[in-house]
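Dear colleague,

Please find below the structure that I am handing over to you. My findings follow directly after it.

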Amino acid sequence: MSGPALKEKLAARIRAHGPITVADYMATCLADPEAGYYITRDPFGKKGDFTTAPEVSQMFGELIGAFCLQAYLDLGAPKAFQLVELGPGRGTLMADLLRMASLRPEFVDAASLSLVETSPALRKVQTKTLEKAPLSPAFRDRFTDVPDGPLILVANEFFDALPIHQYVKTTEDWRERMIGLSETGGLCFGIGTGRLDDSDMPAATQDAPEGTILETQPAANAIAQEIGTRLSRHGGAALIIDYGYLKTAAGDTLQALYKHDYDDVLSHPGDADLTAHVNFETLARAAQEGGAKPLPPLEQGEFLLRLGLLERAGVLGSGKSHKIQKTIRDAVERLAAPDQMGTLFKVLAFSGDGQALTPFDMPAGTQQGFTHMRGGENG
Ligand code: SAH
């Protein structure tokens, strides 16, 4: 089944049952069993629609490996724990993470690896990428299928792919934004009868002008709460990296990416990637409701610099050709520069018992080091 066929399937459903929510639309476009975006393809890299941080450079996964290793040691090096990645894409982050973490063989000996992945196509790619890794993955359909026990969990660009709801401010109140059919039969936005739950309405948006859009992310929050519950019962740490905002605010963040370019959200259902910015405030609150202790979030650039991005870049580039050194420098820029992924992406960590997690417990200010490097002094 191809994209145009998915458009027709959506139109038929709307003709039969009426307009659908933005969440239904997102879930169908991304995960329809026949034509869902992630179900049918490997969307990453130059030929795909977008490039994620692990695909930019091995340094990203390696530094997250260093985070996991430290978290494991801070947990008191448990004899057995669950190492989990949500939405592993090509498996690149996990391969780089395991290469770094296996510097301490007891980490690998204690870990059982679960990959939470719904896409059969990507499970195949992940299996191949991890062929030579020191751990074999068990695939899970959802986080709740991961066996109990102390947990170290990572998720990069996973939560942005989960369905969101949108509400529109009308003269009376906030009404759910829906997708229906225009007079010519194409997909179009409209306003439904569903109302925004008062508990989802931040005070700051009460006087918002008509037409303002507010988003909620019940699917993402439910998973964060489950992770929180697991951490509070068995201990451990979770690391969530995504683009998003730290305080609830109004705004339409739903976006489509098609062949490395922004696309109209309704134009290529199933053929374009659909994402929404993650609301880290409600995500942290949900984890807390589950029983975990969220730590103050960091921007990705600051997080990576604190973990030693520049030092790692220096080691990788040492003695290499100018061309390779330039590639490494470009990757550092891409991952950490404020005008690239450095500030748009946020990193949220939570632990089971409020234990400090490196580098969230380190003093701020490492961005200076970054400016220094931009001057070209790092090899
Ligand atoms: N973490 C990877 C990939 C990000 S893309 C990287 O950084 O490169 C999102 C990933 O989440 C894909 O692997 C996709 O198949 C998976 N995914 C999306 N929705 C999911 C869901 N509901 N349950 C499990 N996996 C999901």
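In strand 9, I213 is the bridge partner of V168. Please note that the model is a predicted one.

Strand 9 itself spans residues 213–216 and is covered on both faces. I213 and E215 are buried on one side, and L214 and T216 are buried on the other. This arrangement may be read against a general rule: in a regular strand the side chains alternate between the two faces of the sheet.

I then turned to the helices. Helix 9 (residues 218–234) packs with helix 10 (residues 280–290) at an angle of about 40°, and their axes are 6 Å apart. The crossing of helix 9 past helix 10 is right-handed. From helix 9, the residues A220, N221, A224, Q225, G228, T229 and S232 take part in the contact; they meet T282, L283, A286, A287, E289 and G290 of helix 10. Classified by type, this contact between helix 9 and helix 10 has five nonpolar residues, seven polar residues and one charged residue.

Finally, the domain assignment of the protein gives two segments for domain 1, 3–41 and 163–216. For domain 2 the assignment gives 53–160, 217–247 and 275–372. The C-alpha centres of domain 1 and domain 2 lie 31 Å apart. Domain 1 provides 10 residues to the contact between them, and domain 2 provides 13 residues.

With kind regards

Note on methods
Residues are numbered from 1 along each chain as its sequence is written. This is a predicted model: local features need pLDDT of at least 70, side-chain atom pairs count only at pLDDT 80 or more; totals for chains, interfaces and linings use all residues. Side-chain values use heavy atoms; hydrogens and water are left out. Buried means under 20% relative accessible area, exposed over 50%, partly exposed in between (1.4 Å probe, protein chains only). Helices (H or I, at least four residues) and strands (E, at least two) are DSSP runs, numbered from the N terminus. Two strands pair if DSSP finds at least two bridges between them. Axes are lines fitted to C-alpha atoms, for helices over the stretch in contact, and angles run from 0 to 180 degrees between N-to-C directions. A crossing is left-handed if the near helix is turned anticlockwise from the far one by less than a right angle, and right-handed if clockwise. Contact means heavy atoms within 4.5 Å. Ala, Val, Leu, Ile, Met, Phe, Trp, Tyr, Cys and Pro count as nonpolar, Asp, Glu, Lys and Arg as charged, and the others, Gly among them, as polar. Domain bounds come from an automatic or database domain assignment.
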